[in-house]
Amino acid sequence: MSTRFVIIGGGPAGNTAATHAARFGAEVTLIERDVIGGAAHLWDCIPSKTMIATGGAIAFTRRIEGMGLEQQEAEVDIDALTDRITNIQGRLKDNTTQLLESQGVTLLRGSARLIGPHEVEVTTAQGTKILPADAVLIATGTSPRIPEWCQPDGERILTTRDCYPPKIFPKSITVIGSGVTGVEFVHMFSSFGADVTLVVSRQQVLPQKDPEVAAVLEDDFLRRGVKLLKGARATSIEREGDDVVVRCDDGRVVRSSHAVLAIGSVPNTEGLGLDAAGVETDRGGYVNINRHCQSNQPHIYAAGDVSGKLPLSSVASMQGRKVAEHVMGLQKIAHRHLDYDKAASAIFTEPEIADVGLAEADAFAVGRKIRVTKVPFSATPKALINNDSRGFVKIISDPATGVVLGGSIVGRHAAELISVIALAVTANLKVTDIVESLLVHPALAEALAEAAE
Ligand SMILES: Cc1cc2nc3c(=O)[nH]c(=O)nc-3n(C[C@H](O)[C@H](O)[C@H](O)COP(=O)(O)OP(=O)(O)OC[C@H]3O[C@@H](n4cnc5c(N)ncnc54)[C@H](O)[C@@H]3O)c2cc1C
């Protein structure tokens, strides 16, 4: 009899695990209460990056001076933008659904919970049924964190999920939280012409990132007129007439037409029956997993954001794939463990920011010897041709062996360019491997080869 594999949640983690496990011969049932593609397609990656692409096009028209073009202010058609987001979401949902169905995955639209270690109860529009399972994957994702001092109303006081579809563009907005999501929202709303204030709890936006990287972004924000409230923590957000008033712990007060919370997430594990199945959680409900993504119950796995590892769609998909291999026993044949320290990530601001592997600060913190080489894009012909020479490429390598350990890129197309360093980090390539690659000229990638010299 084939392995009965039940997956709860159809985001990147769930649907990747389903496709692979079905391909490897499992009998897979995937339960999703909302939309196949998950929060990633509905609220997170896809709508935010679609809006940022439009915002980026507007920002670009403001920089065309000097390219032999006349400056023209682009006007946004909010209905057309909403249609564009909906169309992209629809196409992605159809593609993913077709792929799952073509692999023979049974899709159930409904809400699921564990009622025992080997039983999943599913409530659909047709009623409730119980599915026996040899293996279960919890891939239920997370939801925006709402602090006790603020009650979002979906109209003026927003969570990130209230921003899509874009009903109106705020005249002014206060963004609470200066991590990845917060700075992307600053970029998006300021590109659409809003007056933006960013509440930054530390002294640097993107506190987890390399200070040189954060400095380039702060410069761009200040150039656009974004107000940075550094060293301030929001303590209340309230509506007063047409204003939203944000009060901070240092006494500062910001008034704007809207405010958006970007202060992290909480795992979707409440009501999931983890107790009934004996699954342990910690850090406020995230499922504890080992390197195979198994919970303390070896046949119950968790992948994606609910596992509390790196909250990235790419990581969720890779975890899903690794779970499928493990469920089907393939890890004994050809299986590489997932190394979270080697995950590339990007921030879709202007300029883009991307990094992978070891960071300079982390190396110094543990006293590890590294070689750091940095090349500004201003020395790269293609950046001059593009009329955009902001940013740089930084490569971190082992001084003894030349093996590439990490890197960061700030600048146009950083999210694409980082792939070269990500491949080098994953495959233990040396800086000389990059230097000796015959790259295209003129291309921004030439800065990579120079940084690897
Ligand atoms: C604004 C924003 C932008 C982002 N942009 C990026 C980006 O550009 N790149 C990137 O890599 N990452 C990005 N992320 C992170 C990314 O969205 C997540 O890492 C990714 O969605 C995690 O995938 P997942 O499969 O764990 O969960 P999700 O995508 O959250 O899917 C979980 C699914 O489980 C379903 N579910 C939950 N409980 C049940 C239940 N009981 N029964 C049935 N179904 C259930 C939910 O309906 C949901 O569809 C962004 C996040 C945010 C907030």
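A: Start with a definition. Helices, of at least four residues, and strands, of at least two, are DSSP runs, numbered from the N terminus. Keep in mind that this is a predicted model.

Now the shell. The ligand is surrounded by 36 residues. The closest are Gly9, Gly11, Gly38, Gly141 and Gly304. Which elements supply at least two residues each? Helix H1 (12-23), helix H2 (38-42), H3 and helix H8 (313-327) do, along with strand S2 (27-32) and strand S3 (106-116). By class, the shell holds 14 nonpolar, 15 polar and seven charged residues.

Follow H3 next. Helix H3 covers residues 45-61. H3 supplies at least two residues of the ligand shell, and H3 also packs against helix H5 (residues 180-191). In general, two packed helices are described by the angle between their axes and the distance between the axes. For H3 and H5, the angle is about 50° and the axes are 8 Å apart. That angle makes H3 oblique to H5. The crossing of H3 and H5 is left-handed.

Who meets whom? On the H3 side, the residues are Ser48, Met51, Ile52, Gly55, Gly56, Ile58 and Ala59. On the H5 side, they meet Glu184, His187, Met188 and Ser191. This contact has five nonpolar, five polar and one charged residues.

Step back to the whole protein. The domain assignment gives domain 1 (4-144 + 266-332), domain 2 (157-263) and domain 3 (351-452). The C-alpha centres of domain 1 and domain 3 lie 31 Å apart.

Finish with some backbone details. Most peptide bonds are trans, and most residues other than glycine have a negative phi. Now look for departures. The peptide bond from tyrosine 164 to proline 165 is cis, with omega near -15°. Proline 165 sits in the loop between strand S8 (157-159) and strand S9 (172-176). Glutamate 350 and proline 351 are also joined by a cis peptide bond, with omega about 0°. Proline 351 lies in the loop between strand S20 (345-347) and strand S21 (352-357). Leucine 206 is not a glycine, yet has a positive phi of about 50°. Find leucine 206 in the loop between strand S10 (195-200) and helix H6 (211-223).

Technical notes: Residues numbered from 1 in each chain as written. Predicted model: local features only at pLDDT ≥ 70, side-chain atom pairs only at ≥ 80, totals over all residues. Axes fitted to C-alpha atoms, helices over the stretch in contact; angles between N-to-C directions. Parallel < 35°, antiparallel > 145°, perpendicular 65-115°, else oblique. Left-handed = near helix turned anticlockwise from the far one by under 90°. Contact = placed C-beta atoms within 7 Å. Nonpolar A, V, L, I, M, F, W, Y, C, P; charged D, E, K, R; others polar. Near = placed C-beta within 6 Å. Domains from an automatic or database assignment.
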